[in-house]
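User: I am new to this structure. Please walk me through it in short steps.

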Amino acid sequence: MSYLLIRDAVLLITFAMSFIFFQPSIVANSALPITGPLATLCLLIALAVKLSRRADDDVQAYRIVTAFLVVGATLYYGPQVFAVEAASQTYLAGFGHAFTSNSNVGPALVIMWISLVGVGIVAIWLFIRALVSANRTMAQRVNPPQKPSPALGD
């Protein structure tokens, strides 16, 4: 049980720390991976699937979560390693210029805003799902299912 709690807590902490990718001034002025906001969106979608389905028991949900985590990690680590960290390498200069947010501010901000809209959509979906689930649970508590009364002739 501790493994599951720690694993999911690390996902939540990583998502919380990834909100740096949604700060326009930091994105424009710091050397960040240009696809960092998309990686954060993939992480949120993976968390949303984990919250809405039993990803540890359902094979299809597990595959969806794993796919989004792999895509998100690739979107983050590729530009981080080959653009941000390898900025001094002359043979990676073109890649570094294209995939670093402070050297390519226009596309970086567009990617950030599109990802932020995606985060908003996923958050609204999770909120509506939680609201519907809470209403269903409350309705069951207020109006418990009635057992059919036995016939008088029995």
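User: Is the crossing of H1 and H3 left-handed or right-handed?
Analyst: This is a predicted model. In it, H1 and H3 pack with their axes 10 Å apart, at an angle of about 145°. Their crossing is left-handed.

User: How many helices and strands are in the chain?
Analyst: Along the sequence, the pattern reads α-α-α-α-α-α. That gives six helices and zero strands.

User: Where in the chain is confidence lowest, and where is it highest?
Analyst: The chain averages a pLDDT of 87. At least 70 is reached by 89% of the residues. Helix H5, residues 93-99, has the lowest confidence, at a mean of 83. The highest is in H3, at 94.

User: Which elements give two or more residues to the largest nonpolar core?
Analyst: The largest nonpolar core has 17 residues. Phe15, Val27, Leu43, Leu44, Leu47, Val119 and Val122 touch the most other members. The elements giving two or more residues to this core are H1, H3 and helix H6 (105-142).

User: What does leucine 43 touch, not counting residues up to four places away in sequence?
Analyst: Leu43 is among the residues that touch the most other members of the largest core. Leu43 is also one of the H3 residues that H1 meets. Beyond four places in sequence, leucine 43 touches Leu11, Thr14, Phe15 and Leu69.

User: What distance separates the C-alpha atoms of valine 27 and valine 105?
Analyst: These two valines are 78 residues apart along the chain. Their C-alpha atoms are separated by 7.6 Å.

User: How much of the contacts with a separation of 6 or more comes from residues 24 or more positions apart?
Analyst: Count the contacts in the chain with a separation of 6 or more. Of these, residues 24 or more positions apart account for 66%.

User: Which atom of leucine 75 lies 2.3 Å from a polar atom of the side chain of threonine 35?
Analyst: Threonine 35 lies in the loop between H2 and H3. It is buried, at a relative accessible area of 9%. Not counting residues up to four places away, threonine 35 touches Leu75, Tyr76 and Pro79. At 2.3 Å from its side-chain polar atom is leucine 75's backbone oxygen.

User: Is glutamine 80 buried or exposed?
Analyst: Glutamine 80 lies in helix H4, residues 59-84. Beyond its neighbours within four places, glutamine 80 is in contact with Pro33 and Glu85. Because its relative accessibility is 14%, glutamine 80 counts as buried.

User: What is the relative accessible area of phenylalanine 19?
Analyst: Phenylalanine 19 lies in the loop between H1 and H2. Its C-alpha atom is separated from that of threonine 40 by 7.8 Å. Phenylalanine 19 is partly exposed, with a relative accessible area of 33%.

User: What share of the residues of the chain counts as buried?
Analyst: The chain has 154 residues. Valine 27 is one of the buried residues. The buried share of the chain is 29%.

Note on methods:
Residues numbered from 1 in each chain as written. Predicted model: local features only at pLDDT ≥ 70, side-chain atom pairs only at ≥ 80, totals over all residues. Heavy atoms only, no water. Helix = DSSP H or I, 4+ residues; strand = E, 2+ residues; numbered from the N terminus. Buried < 20%, exposed > 50% of the residue type's maximum accessible area, 1.4 Å probe, protein only. Polar contact = N/O pair within 3.5 Å; in protein donor to acceptor, adjacent residues only side chain to side chain. Contact = heavy atoms within 4.5 Å. Core = buried A, V, L, I, M, F, W, Y, C linked by side-chain atoms within 4.5 Å. pLDDT = per-residue confidence, 0-100. Axes fitted to C-alpha atoms, helices over the stretch in contact; angles between N-to-C directions. Left-handed = near helix turned anticlockwise from the far one by under 90°.
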